[in-house]
Amino acid sequence: MGLAAVDRNAAVVTGTLFVVATPIGNLADASPRSIETLRAADLVACEDTRTSRTLLARHGISTRTVALHEHNERSTTKTLLDALRAGKNVALVSDAGTPALADPGAWLVAQAHAAGIRVSPLPGPSAAAAAISASGFAASRFLFAGFLPAQPAARRKALEALDVPWPLVLYEAPHRIRDTLEDLLARFGPEREIVLARELSKKFEEVARLPLGNALAWLAHPHREQGEFALVLAAGEERPAHSLDAERVLDVLLEALSPSEAAKLAARITGLPKSQLYRKALERAK
Ligand code: SAM
C-alpha cells in the first residue's frame, strides 16, 4: 500500500504521520486498516515498545519501533520529524486506545502540523467513546475530563468546577476508584446516575448504570476494584442562563452567617435545594 503523501506545490515528497488507534483490551478490535498501516509504515512510534509488540507480533508485523513517551517526547519528536521530512511514514500508537487522548502523542502531532507534514488519523477504540456509547445518556454533547487530580483536595476542587449540563466522562485508576466515587457522591448527591464501565472489551467486562448512592456498594463486590474504569456521570440540570451563581452567593453569605443559615438563604435566592447548598457551604467554610 502506498502511504507517502506528495506535496505537488513544493514538489517535495514527505512522509505521513498516521495516528493509529489500537485496542483497549480485545486485540480483535484492531481494524484491518490499522494493521495494514502499521505493517506498511517505516517506523512505529510507541508509548511503550514492549506493549505494542504484543499487537505487532500477533499480526506478524516487523516494522521498527521507537519509544515515544512523556520523558523523551521532545528529543524523539525531532528524530521522527527528520524521518517524515525524508519521506518515511510514521505510525503513532499508544499502549491502548486512541493516541493523544489522555495519552502521549499531541506534541509530535503538533510539530508535524507545524512542519507541514500530513497527519492522518485512523479512528478506532477509545474507552471514552465506548463508555459513552454504552451509557444510554443522551450525549449530543459531553465533557471529557480525563483523569481527575490524584491529590484529594485538588480532586475535590476540580469536581467543584465540573457541574455541567452534559454527561461527564472520566478515567480512573483502580487504586483511586473508591476515593473518586466517594468524592463524586459528596459533590453530586446520591440520586445522580453514573455508569461504571469496567474492563471494556475484556473477559470481565461490566457496565453498570446506577445511582451514585449505590455505586460504592457495587464496587464492594469481590475483585471489582481491580481493572480499568471509565465513568460516565449523568448530566446535571440545565441552569437557566440568568440563574445566579450559587457558589458566589454562598461565599458572600458565609462571610456573615453560619453554613446552615447561609444555605437556607442561598436556597431562597437561587431556588436550589437547601441540602445541596448546605453540603457546599460546609465544604466552603472549611
Ligand atoms: N488513549 C486511551 C483511550 O483512547 O481511551 C486512554 C488511555 S488512559 C492512559 C488509560 C485509561 O483509560 C485507564 O486508566 C481507564 O480509565 C481507561 N481505559 C482504558 N482501557 C479501558 C478499558 N478496557 N475499560 C475501561 N476503561 C479503560
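This is a predicted model: local features need pLDDT of at least 70, side-chain atom pairs count only at pLDDT 80 or more; totals for chains, interfaces and linings use all residues.
Two strands, β9 (168-172) and β12 (229-233), each contribute at least two residues to the shell around the ligand.

In total, 19 residues surround the ligand. Leu101, Asp103, Ala127, Tyr171 and Phe229 are the closest of these.

Several polar side chains can be followed individually. Asp103 places a polar side-chain atom 2.8 Å from a nitrogen atom of the ligand. Glu228 likewise has a polar side-chain atom at 3.4 Å from a ligand nitrogen atom. In the case of Ser126, an N or O atom of the side chain is 3.1 Å from an oxygen atom of the ligand. The protein buries 91% of the 570 Å² that the ligand exposes when taken alone.

The arrangement may next be considered at the level of domains. The domain assignment divides the protein into domain 1 (5-125), domain 2 (128-233) and domain 3 (241-285). Domain 1 and domain 2 each provide at least three residues of the shell around the ligand. Between the C-alpha centres of domain 1 and domain 3 there is a distance of 50 Å.

To return to the ligand, its shell draws on both domain 1 and domain 2, and strands β9 and β12 are among the elements that supply residues to that shell.

Definitions and conventions:
Residues are numbered from 1 along each chain as its sequence is written. Side-chain values use heavy atoms; hydrogens and water are left out. A residue is near a molecule or strand if one of its heavy atoms lies within 4 Å of it. A polar contact is a pair of N or O atoms within 3.5 Å; within protein, one must be able to donate a hydrogen and the other to accept it, and residues adjacent in sequence count only if both atoms are side-chain atoms. Accessible areas come from the Shrake-Rupley method with a 1.4 Å probe; for residues, only the protein chains shown count as cover. Helices (H or I, at least four residues) and strands (E, at least two) are DSSP runs, numbered from the N terminus. Domain bounds come from an automatic or database domain assignment.
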